[in-house]
Protein chains: 4
Amino acid sequence: MTMLATAVQRLEIDSLDRKTPLLSVNFDVDAEALWLSVSRASRPALISQGLYGLTNGVPRILTMLADTGVRATFFVPGLVAERHPAIVPELIAAGHEVASHGYSHTPLSALANRQAEEDELRKAKDILEAQAGHELLGFGAAACDVSVHTLDILFDQGCLYDRSFLDSDWPYLFTKENSRLVELPVSWVMDDFTFFGHNIYPKLGWGICEPETVARIWRGEFATFRDDGGFGCLVMHPEVIGRRSRLPIVKDLLVEFSADCTFQTCASIAASVLRLSQPDRRPG
Amino acid sequence: MTMLATAVQRLEIDSLDRKTPLLSVNFDVDAEALWLSVSRASRPALISQGLYGLTNGVPRILTMLADTGVRATFFVPGLVAERHPAIVPELIAAGHEVASHGYSHTPLSALANRQAEEDELRKAKDILEAQAGHELLGFGAAACDVSVHTLDILFDQGCLYDRSFLDSDWPYLFTKENSRLVELPVSWVMDDFTFFGHNIYPKLGWGICEPETVARIWRGEFATFRDDGGFGCLVMHPEVIGRRSRLPIVKDLLVEFSADCTFQTCASIAASVLRLSQPDRRPG
Amino acid sequence: MTMLATAVQRLEIDSLDRKTPLLSVNFDVDAEALWLSVSRASRPALISQGLYGLTNGVPRILTMLADTGVRATFFVPGLVAERHPAIVPELIAAGHEVASHGYSHTPLSALANRQAEEDELRKAKDILEAQAGHELLGFGAAACDVSVHTLDILFDQGCLYDRSFLDSDWPYLFTKENSRLVELPVSWVMDDFTFFGHNIYPKLGWGICEPETVARIWRGEFATFRDDGGFGCLVMHPEVIGRRSRLPIVKDLLVEFSADCTFQTCASIAASVLRLSQPDRRPG
Amino acid sequence: MTMLATAVQRLEIDSLDRKTPLLSVNFDVDAEALWLSVSRASRPALISQGLYGLTNGVPRILTMLADTGVRATFFVPGLVAERHPAIVPELIAAGHEVASHGYSHTPLSALANRQAEEDELRKAKDILEAQAGHELLGFGAAACDVSVHTLDILFDQGCLYDRSFLDSDWPYLFTKENSRLVELPVSWVMDDFTFFGHNIYPKLGWGICEPETVARIWRGEFATFRDDGGFGCLVMHPEVIGRRSRLPIVKDLLVEFSADCTFQTCASIAASVLRLSQPDRRPG
């Protein structure tokens, strides 16, 4: 249905219990990478917004996750890991999952060709895996933007799951020959940048919301996943949600929904989805 | 008054009882078409947002309409019907009206010339009528954008009503020689995209609202149509309103206003408007 | 201070009692003109939004004003008066003031030169005065945009007041040799387009607000003018505020603030300001 | 981490008590300068918005500060001081700090080269210091935009502190050889332009908010600085916050937080930060 490489097919999972909540909290550690991708000139103060996520956001987020006992998935661009080599080991030491967010936060559909994209994804994977000390299982595209080649490359690179599409409340599969890739689709309404992302020059964002308003919107979202199932995933950015005026709304939601549900890493959800769909197969 | 083809005239309906509420709920099933019209590159994840409307939105909407006993009108682009041939028959089997939303969701005023527009509208009509198994009575332009040729073409193609203009709370007529075309005008405030439409790259939308805020705005709108008459029409998109956190606000409004009013299809409203205005004539 | 033609000077009015409320409600009857100025192609449905103001908005506004006993000022573009010659006489017959809004709603600073602007303003004045049957006293620029020539031209054309600047809560004067022109400055927060103006293609507006939110903002504004003086002027557009879900907030404000204040036309306020500042002089 | 000139290093202050609140209110007196930097043509009414800040905003702000006993820092562009030579002396006479906001409000990264930027900053400093009658200690970049050269130039010009970066809730240092420059980082959420900045042509801003909503957001921000320490700085613009409907929210916050904290000028905070970090050194 979507424009995919010819060998790649989308496949619903008939054996999935559609009433089971699959909740996750994700943090895209964009740091400099996001701002370098939207601004042409070299502009240190603009770019410093992203560093707020590293210096102020990540430590608070780790404390909050430790307090609530939730394991999260952090999507890290290769460029960020390269510049700040302590981050990935710290995230892993704290018991969280690290996944690839590409190398440079460039929208993948804006790259010149398949080779450029393959290099972009390979470079990120190599850097991140060297730092993590183990294979990475997941990928999430910057700005949820993929090209017609992306899935094909993810298959070639042995990825377990992708978190880039926006077309369902439930996980599904992409298949290529005998391989399977779990898709964990997300939505803009469960993204903190939608409500808090902001910049003047270049102009970004849709205005800054009151944290309580966002808490009500996200509570409403999580409630539908708790009550009626699906992959309910909050995608956040340490520079945005890591502000002390905002992080408490996430903590409160985690505490509230942990009463009935378990927040899991994307890898954990993807693995169980894959088991359900066909226990005897693995991608790659 | 507006720039119309010379033979086309706008005509108020003197015999219309202006206090009668004419309520309708519409769903523009844009799927891939909207996103293909705003993005140059081939970008499957971007486009997947539209598919959410098909895979998640439409089934929930059909259930909600069945629960409330409301018959709606679904405006479908030809391209979407072509790619997803099960949709139109399913909508019709459920007792709803299908109308044309053009072929490709390209704003009509952006097409090269009258011939290109005639082809665009004819192609959509042919595909949709073949799938529906009967003649289509209505047309609604993508993004409420028509050219100076559009009405003239709709007359040539024997259309009963158009839902593209934004200039009144009441239906009126367009006339061309002896033919009459009912105009069912709408407004941006009764469109879900206004409050929930969103994308990062390209940037779309005005921020995502809390569903309860939108419910209050729409309740206020419907109340004016119930109390003082006119064509009160909510134009929604399955990918936007089909989210489980949002659809309940529509269900609640349908239940609330069904106490005093009947929600009708656009075709049903247009037919009664035409009867009122001149019982012995039909367009085309 | 601002960039003005050399002969024009800005002058504060020392004799003005700064605690006196000078309240006014204005309606810019832009109809087709606004939309013709923002869209290149000929697009009848887009333009029809403006006609809502004529067909639906103005009649309701006139009723509301009659009900509350408030006299308002209507700024009409020459192009709109030319296309809809019944409007200006109707507004005047209802006891309201008509002022010039230029001819075509083109931002004046975008015109080629002084001559083009002189023609634009003269043409509007001639059309409107012929229809009104008397001289017009006021001018308000489209989009509050004036060029370095505008004031100079207004002096040449014998204008009593301008309503285009945004630099004070109090009226002041522009002087040129022995002539005086009253400036009645406004603000974006007291403009309905700020909260309700909307279009998709081209994208306009900042999102559509709940009427009650706007009522609270405007109530807060009017309260400062009632309590501490100044020119408190609500600038509205019939196509925006003329909706039945919105107009009641204006009616309620007029009723509420009429308890302590009198809403006046701009001409009435300008005349008393001019008397206060120098009783024995008139512009032109 | 950020792209800085090679000789400049970022340095955390280990000796800083991170629980101490360092609160400040700042006013960027942009007047004509902001509007001249966003509009190409000469447009007096557009530019007049900035003058509202001088004629209406600054006097009210000075009264409000006097009433609450708070000393603030005013960042003034050289161009504004040059055109309105009474402002800087008036601010200083009232006991407030004046700092440099550059000369022309042009984003520094948009200037042609290092020399152009050096001239821009030197010119502002010379004008402001001549009017102030003493050396200026601080600099804050227009639109929080600096180039790779800015810090280097600030070191050369003997600046005590910069207020342009967006990467922490706490002050830190930049070092160059033996010199130290205090960085006082800010955030968009504590900026009034985020919530009230507005213009139609060119389109600016994210919609105008209700003052009470902004009061709640800022109260939440200040509370985190009061309770958990850091540089909590509200950056405001007289033309925006100087409106009588808005300034009371600032007064209320100053009164409320003065119960537990002291609002200080940026210079006072920077000096104490520098003492803490290394008592026997001074920059330049």
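The second largest pocket here has a volume of about 660 Å³. You're looking at a predicted model, where local features need pLDDT of at least 70, side-chain atom pairs count only at pLDDT 80 or more, and totals for chains, interfaces and linings use all residues. Residues are numbered from 1 along each chain as its sequence is written, and chains are lettered from A in the order in which they are written.

**How pockets are found**
- On a 1 Å grid over the protein atoms alone, a pocket is an open set of points where a 1.4 Å probe fits, with protein on both sides within 12 Å along at least five of seven lines; lining residues have an atom within 4 Å of a point.

**Second largest pocket**
- Of its 26 lining residues, the closest to the centre are C:Val38, C:Leu204, D:Ile200, D:Tyr201 and D:Lys203.
- Helix α1 (residues 31-38) of chain C gives the largest share of this lining, three residues.

**Largest pocket**
- This one has a volume of about 970 Å³.
- It's lined by 40 residues, and those closest to its centre include A:Cys209, B:Cys209, C:Cys209 and D:Cys209.
- α8(C) supplies the largest share of the lining, four residues; helices are DSSP runs (H or I, at least four residues), numbered from the N terminus.

**Confidence**
- Chain A has a mean pLDDT (the predictor's confidence in each residue, from 0 to 100) of 95, with 96% of its residues at 70 or more.
- Over residues 280-284 of chain A, though, the pLDDT is below 50.
- The model scores ipTM 0.95 and pTM 0.97.

Conventions
Heavy atoms only, no water. Points joined across faces, edges and corners; volume = space filled by probe spheres on them. Helix = DSSP H or I, 4+ residues; strand = E, 2+ residues; numbered from the N terminus. Contact = heavy atoms within 4.5 Å.
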